[in-house]
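Hi,

Here is the structure I promised to pass on. Have a look first, and my notes follow below.

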Amino acid sequence: MFNSILFMANNEYTYILLLLIGLDFFTGYSKAIIWKVADSWVGLKGIVKHITTFFIYFFIGVFFHYINSFTMGQLFLVIICLNYALSILENAGVMGVYVPKFLKTKIQAELKRYEEKLNEGDKEK
């Protein structure tokens, strides 16, 4: 079991996941600053979500390595990494960066949500 933990700790895929988590956090934080909708509660929930996701992957990866099913663990990781990459693209699109067409509807929904949030803030003033 200890070998499985060491394997996951030194696995390059684990580093890729950490990089994507960091980029998602950074782009999400940047998006909130640009749209002036920064909220400490949303930020805290995001941090908890990212940490939980990492630890779930890590321990599932250890489990798959322990039962000699490394391929299943990598498949699980690829799915998580694709989800984070999609989130990074969505954040970039909301900030005005060009994104692929298949994300346009999701980005339009996000933009509408932020505009509504800003309008609510204006009504309170």
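Starting with the largest pocket: α3 gives the most to its lining, with eight residues. (Helices here are DSSP runs of H or I, at least four residues, and strands are E runs of at least two, numbered from the N terminus.) At least two lining residues each also come from α2 (12-34), α4 (70-94) and α5 (104-124). A pocket is an open set of points on a 1 Å grid over the protein atoms alone where a 1.4 Å probe fits, with protein on both sides within 12 Å along at least five of seven lines, and lining residues have an atom within 4 Å of a point. The volume is about 730 Å³, taken as the space filled by probe spheres set on the points, which are joined across faces, edges and corners. Of the 27 lining residues, Gly-28, Tyr-29, Lys-31, Val-42 and Tyr-114 lie nearest the centre.

Two caveats: this is a predicted model, with local features needing pLDDT of at least 70 and side-chain atom pairs counting only at pLDDT 80 or more, while totals for chains, interfaces and linings use all residues. Residues are numbered from 1 along each chain as its sequence is written, and side-chain values use heavy atoms, leaving out hydrogens and water.

Next, the aromatics. The whole structure has six aromatic pairs (ring centres of Phe, Tyr or Trp, the last by its six-membered ring, within 6.5 Å; planes under 30 degrees apart are stacked, over 60 edge-to-face, the rest tilted). Phe-54 and Phe-58 make a tilted pair, with centres 6.0 Å apart and planes at 35°. Phe-58 also pairs edge-to-face with Phe-59, at 5.6 Å and 90°. Phe-58 counts as buried because its relative accessibility is 12% (buried is under 20% relative accessible area, exposed over 50%, partly exposed in between, with a 1.4 Å probe and protein chains only).

Now the packing. The largest nonpolar core has 13 residues, with Leu-17, Tyr-57 and Tyr-84 making the most contacts inside it (a core is a set of buried Ala, Val, Leu, Ile, Met, Phe, Trp, Tyr and Cys joined through side-chain atoms within 4.5 Å). Its largest share, five residues, comes from α4. A second, separate core of nine residues includes Trp-35, Val-99, Ile-107 and Tyr-114.

Cheers
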